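Hello,

Here is the structure for you to look over. My notes on it follow below.

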Amino acid sequence: MPSTIVLGAQWGDEGKGKIVNLLASKMDFVVRFQGGANAGHTLVIDGRKIVLHQIPSGIFNHHCQNIITGGCVVDPESLVDEVDSVVKYGEKVDHSRLKISSGAHVVTRMHKWIDAREGGAVGTTGRGIGPCYVSKARRIGIRLENFIDGSYKDLFNSMFDECVNLYGLEKEKRDEFFVPLQVSLEKIKPLIVDTRYIIHRAISENRNVLLEGAQGAMLDLDNGTYPFVTSSSTTIGGAITGSGVYIDFTKRVGVIKAYCTRVGNGPFPTELNDENGERLRKVGSEFGATTGRPRRCGWLDLKLMKDSCMFNGFNSLALTKLDCLSGFEKIKVAVEHDLNGKPIYREFDGWKEDISKVQSPNDLPTNCRRYISFIEEYLGVPFSIVSLGADRDRTLILELEL
Ligand code: GDP
Ligand code: IMO
Ligand code: MG
């Protein structure tokens, strides 16, 4: 059976959560391979909205096992809260439904404290992600396996002492930082296992496995708009190192929002600081799912999407939030950037109709179909899914051989 990867093609918030939850109905495993609680993946389940940060978006599909791999950075305190919120939705979350890699690094309150001091220039989510990956790269990090073998306390203390000595963290905070961490680690202990072998076995046994990306290609540490990026590999290579298993993905799905958004700082060539940008923010409810910050909005940038396709080898695309473009008289798409990095646009006539309840692609307005076809042709990759609303049933499946 094929293995699938779903990745954001822009600066995150493309609607990956909705798409993964949809595809998870056919999956045995859904796997997060990078990032941590900086992600905010919104699912609408029976009309109720839930935002997942660390738990993979397959958790509401009962037959589906969910895995957080060693490429992720795990914040035990926020994970415990998240598990509780999923349980409140009536879902069982135990070892049979959620497993966490013993190799995953632990985000501590020190990491969040450093992020609060240093993350301003980039406009991070403040979830301690960058500092935790720094600890990992410096080889001083705490992995979940260090909780199991008891060595985590010494690692915590060295990290805490360093924060006191180098950055002036108040010594009195030691217990305030340590005790809640210890309590939450104890709670998630039954979920900790070496997930590499589980994923490997699933692939060998031809089970349906889906890898769920967080953030998006333009936030990739190596290939994104550095230094305004996150600290992990959000592109396809990250899935191999993060999961620890070679996977020959048959379906490589890029999620593209019908326009672009970005939270935090950094270049955004097609950004609209006018009434069109305001309108996109309003109709698309473009406010961060993790921090609540207003998202910067702009036209679709196909030049950058072409790069995303190159990084990831997409062979299938999911177009989301097309419904949000209804009512624009003209819709622009960047097809090139000039020598100064300014976008060169192609302009399309818009459509007036509300398309959110359309059931068949043929019922989409002609101008809307033109917009979709142009994107497909430009990128040379077909759309398999067109999403017209946050609910699962607001989706057109164009081609899906899973
Ligand atoms: P993710 O981080 O990529 O999972 O995306 P987010 O959840 O941060 O942001 C996407 C937002 O758009 C969420 O509020 C979704 O419920 C919503 N959404 C997803 N697909 C659609 C769609 O096709 N139309 C509309 N109107 N909203 C959508
Ligand atoms: P999902 O998975 C959108 C952005 C932050 C900041 C930069 C670095 O929901 O698409 P970090 O906290 O990771 O060090 O911040 O990356 N960012 C996201 N933007 N969606 C996300 O996740 C993001 N995760 C991080 O706003 O600009
Ligand atoms: Mg999001």
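In which loop does Gln215 lie? Gln215 sits in the loop between E10 and H9. Helices (H or I, at least four residues) and strands (E, at least two) are DSSP runs, numbered from the N terminus.

Some ground rules. This is a predicted model, where local features need pLDDT of at least 70, side-chain atom pairs count only at pLDDT 80 or more, and totals for chains, interfaces and linings use all residues. Residues are numbered from 1 along each chain as its sequence is written, chains are lettered from A and ligands numbered from 1 in the order in which they are written, and side-chain values use heavy atoms, with hydrogens and water left out.

Backbone first. Most residues other than glycine have a negative phi, and most peptide bonds are trans. Gln215 is not a glycine, yet has a positive phi of about 55°. Gln215 counts as buried, at 8% relative accessibility (buried means under 20% relative accessible area, exposed over 50%, partly exposed in between; 1.4 Å probe, protein chains only). Arg139 also is not a glycine and has a positive phi, of about 65°. Arg139 lies in the loop between helix H4 (129–138) and helix H5 (144–148). Arg139 is exposed, with a relative accessible area of 75%. Tyr226 and Pro227 are joined by a cis peptide bond, with omega about 5°. Pro227 lies in the loop between strand E10 (209–212) and helix H9 (236–243).

Now the metal. Asp13 (OD) and Gly40 (O) coordinate the magnesium ion (ligand 3) at 2.0 to 2.2 Å. Asp13 lies in the loop between strand E1 (3–8) and helix H1 (16–23), and Gly40 in the loop between strand E2 (29–32) and strand E3 (41–45), so the pair ties together parts that are 27 residues apart in sequence. Donors are N, O and S atoms within 2.8 Å of the metal (3.2 Å for Na, K and Ca); water is not among the atoms, so sites may look incomplete. Gly40 is buried, with a relative accessible area of 13%.

Last, a helix pair. The axes of H6 (residues 152–167) and H7 (residues 174–188) come within 11 Å and cross at roughly 150° (axes are lines fitted to C-alpha atoms, for helices over the stretch in contact, and angles run from 0 to 180 degrees between N-to-C directions). That makes H6 roughly antiparallel to H7 (angles under 35 degrees count as roughly parallel, over 145 as roughly antiparallel, 65 to 115 as roughly perpendicular and the rest as oblique).

Best wishes
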